[in-house]
Amino acid sequence: MKNRTIRIILLMVLDAIGILASGALALLMRFDLSFNDIPAAYADAFFRLLPLEILVTWAVFFACRMYHYVWHNVSTREVTSMVLSVVLNFAVFHVPAWFLAPRQPRSVIAMALIFQIIFLVGIRCSVRFYQAIRQWLTYRSNDNSKRIML
């Protein structure tokens, strides 16, 4: 049980970092990768809403069971489920925020969604990516051995 709690806390921290990174990267890309060109109103709105967005993400991901496991073997069905959870989370937060908070440019919102899908799904698939890379490197280092299909 203790390992599971640590894993859930680690995933929650990584999700918070992923949300911060996706929003910040979207703002930076929209304003030509220059911090000085980002209007203060947009940066202020982003940082004011960030804690709320993280809390909403945690709640939606718990409801979608995204913290119950890390995927060692990832199928297309599981990736689709992860992507739908991220899109649901994004809609739950950004649709009300669009009407209630200072508006971000539409391009920032679209890029933030794309980055969140990449980061948050990537976090959950990272164990599988690590295993695949390690296996590929192991096979490459053993080029002298023969592979036999049984």
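1. A search of the whole structure, which is a predicted model, finds 5 aromatic pairs; rings of Phe, Tyr and Trp (its six-membered ring) pair if their centres lie within 6.5 Å, and planes under 30 degrees apart count as stacked, over 60 as edge-to-face and the rest as tilted. In one of these, Phe62 and Tyr67 have ring centres 4.7 Å apart and planes at 50°, so the pair is tilted. Phe61, Phe62 and Tyr67 form one aromatic cluster.

2. Phe62 is partly exposed at 37% relative accessible area, whereas Tyr67 is buried at 1%; buried means under 20%, exposed over 50%, and partly exposed in between, with a 1.4 Å probe and protein chains only.

3. Phe115 and Phe119 make a stacked pair, with 6.1 Å from centre to centre and 15° between the planes. Because these residues are 4 apart in helix α4, about one helical turn separates them; helices are DSSP runs (H or I, at least four residues), numbered from the N terminus. Phe115 is buried at 14%, while Phe119 is partly exposed at 28%.

4. Thr57 lies in helix α2, residues 40-63, and is buried, with a relative accessible area of 0%. Setting aside neighbours within four places in sequence, Thr57 is in contact (heavy atoms within 4.5 Å) with Ile19 and Asn89.

5. On method, residues are numbered from 1 along each chain as its sequence is written, and side-chain values use heavy atoms, with hydrogens and water left out. Local features need pLDDT of at least 70 and side-chain atom pairs count only at pLDDT 80 or more, whereas totals for chains, interfaces and linings use all residues.

Notes:
Helices (H or I, at least four residues) and strands (E, at least two) are DSSP runs, numbered from the N terminus.
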